[in-house]
Amino acid sequence: MLSKENNELLTRIGPGTPMGAVMRRYWIPVAFSASVDTPDGPPVRVRMLGENLVLFRDTSGRIGLLDEYCPHRTASMFFGRNEECGLRCVYHGWKFDVEGKCVDMPSEPPTSRFREKVRITAYPTHEAGGLVWAYMGAPELKPEFPELEWTLIPDSHRYVTRHIQECNWLQGFEGGFDTSHLSFLHAGAVDNRFKVVPGHYELVPQPLGFVAGTGRDLEDGGTFWTAAAMLAPFHKLIPSDPIAAHVWAPIDDENTMLYSIDFNPERPLTEDDLRRSKTFNGIHTENMPGTDRAIQNKDNDYLIDRALQASGRSFTGMKGLGVQDCAIQESMGPIADRTKEHLGVSDTAIIRLRRQLMQLVKDQIDGVTVTPPPGSAYRLRPTRFTARPGESFADLFEDKMRAG
Ligand code: FES
Ligand SMILES: [Fe+2]
């Protein structure tokens with residue numbers, strides 16, 4: 001359980017909030033690169049950390065991520081013209097480049113120098129892993145780009161989808177480390193590749209979060225370990241086949257863009273891999289065409305099939321692990337009231353995750369600059385391995401989880 005005050009501190013990420021400031025110290029995915037694949041193509045709306053923004057690719061292929069509202073009279077730049085290396089507001093023609101500089105102000109006299117004084121908020125971007133990422137913090141503190149393995153491999157090795165979770169980001173992130181739900185919520189799912197094995201559970205703190213090992217005893221006295229990772233403030237790496245990852249990118253306090261990734265670091269995904277990913281029994285959802293909203297959503301009770309639930313073939317009667325997670329996390333309300341919960345031993349990872357995030361928030365409040373580690377610290381591969389009798393998880397995981 002959390003106090004009301006700490007629940008607020010951890011969940012609220014808008015401008016001016018402590019957690020919002022922490023989030024703004026990290027690179028955040030904001031869109032698929034493909035959504036702005038054409039130079040001078042139509043701009044795309046982005047909402048991230050409670051800010052409305054506009055994304056576009058200029059004539060020379062550079063990406064711009066600007067405040068949605070024109071600094072003249074606050075018209076939406078979404079309706080702007082993307083032309084000749086800048087986005088031009090259609091209200092009075094002011095034009096801005098990808099760095100936020102005003103490069104044309106045709107409504108003012110030609111002799112005016114007003115143009116030089118006006119800027120629009122522009123955030124640096126980086127393309128990796130088929131996505132556009134943004135850094136929304138103080139420019140002088142921009143960290144290295146995180147070298148997540150799934151962003152470093154060829155496109156053919158990776159499958160990425162996204163969908164909106166209609167709840168606070170922390171609900172989703174915590175759900176990713178709710179270890180005991182696997183054998184309940186997801187048990188009976190058609191393709192249950194995450195089926196949990198009862199046994200040991202180990203958490204090893206890392207500079208960025210923690211590594212979590214789930215161990216099963218073997219007959220020879222050894223242990224079979226499954227090693228996942230939490231990388232602050234919103235990444236999860238999941239040992240499965242293919243390997244999987246999530247990013248819970250906060251749209252605002254009550255909505256989250258969940259990116260779901262399947263990847264194989266060694267080779268292109270096969271037809272069979274893709275078929276499994278695209279049948280939506282795994283972490284992905286099938287969305288309404290042209291949107292990021294799942295077809296199974298809270299307005300239709302996620303298409304729960306009570307007969308299927310009663311049959312015992314599915315615990316929930318909802319099809320798809322991703323949908324099951326989404327349903328249950330949204331069911332807690334837009335921002336879960338953590339003053340009312342009762343956490344047990346099975347919630348150890350959630351408690352640890354909160355403690356680590358709370359430390360970042362406290363540092364922020366105390367004026368300590370939250371500093372993400374170097375990009376190479378993100379090079380971790382979730383995996384499975386066998387430990388011989390006498391070998392501990394903590395001894396082995398570093399070697400086993402080293403990514404290319
Ligand atoms: S409101 Fe954009 S140019 Fe006037
Ligand atoms: Fe789950």
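I began with a definition: on a 1 Å grid over the protein atoms alone, a cavity is a set of points where a 1.4 Å probe fits but cannot get out, and lining residues have an atom within 4 Å of a point.

**Entry 1. Basis.** I noted that this is a predicted model, in which local features need pLDDT of at least 70 and side-chain atom pairs count only at pLDDT 80 or more, while totals for chains, interfaces and linings use all residues. Residues are numbered from 1 along each chain as its sequence is written, chains are lettered from A and ligands numbered from 1 in the order in which they are written, and side-chain values use heavy atoms, with hydrogens and water left out.

**Entry 2. Cavities.** I found 2 cavities of 30 Å³ or more.

Among the residues that line it are His163, Arg293, Tyr302 and Glu330. Strand S11 (158-165) and helix H7 (321-330) each supply at least two residues of this lining; helices (H or I, at least four residues) and strands (E, at least two) are DSSP runs, numbered from the N terminus. By class, I recorded 4 nonpolar, 3 polar and 4 charged residues for the second largest cavity.

**Entry 3. A pocket.** A pocket is an open set with protein on both sides within 12 Å along at least five of seven lines. The second largest pocket holds about 360 Å³ of space. Of its 19 lining residues, the closest to the centre are Gly175, Asp178, Met332, Asp347 and Ile350. Helix H4 (169-176), H7 and helix H8 (348-365) each give at least two residues to the lining of this pocket.

**Entry 4. The iron site.** Which protein atoms are donors of the iron ion (ligand 2)? I listed His181 (NE2), His186 (NE2), Asp325 (OD) and Asp325 (OD), at 2.1 to 2.4 Å from the ion; donors are N, O and S atoms within 2.8 Å of the metal (3.2 Å for Na, K and Ca), and sites may look incomplete, as water is not among the atoms. The donor residues follow the spacing H-x4-H-x138-D in sequence. The angles among the 4 donor atoms run from 58 to 154°, and the site is irregular. Four donors count as tetrahedral if all angles lie between 85 and 135 degrees; four count as square planar and six as octahedral if opposite donors are over 155 degrees apart and all others between 65 and 115; anything else is irregular. His181 and His186 are both buried (under 20% relative accessible area; exposed is over 50%, partly exposed in between; 1.4 Å probe, protein chains only).

**Entry 5. Salt bridges.** I counted 31 salt bridges, each a side-chain nitrogen of Lys or Arg within 4 Å of a carboxyl oxygen of Asp or Glu. In one of them, the closest N and O atoms of Asp253 and Arg12 are 3.1 Å apart. Asp253 lies in the loop between strands S16 (243-252) and S17 (255-263) and Arg12 in the loop between helices H1 (4-11) and H2 (18-23), so the pair ties together parts 241 residues apart in sequence. Asp253 is buried at 17% relative accessibility, and Arg12 is partly exposed at 28%.

Definitions and conventions
Grid points are joined across faces, edges and corners, and a volume is the space filled by probe spheres set on the points. Ala, Val, Leu, Ile, Met, Phe, Trp, Tyr, Cys and Pro count as nonpolar, Asp, Glu, Lys and Arg as charged, and the others, Gly among them, as polar.
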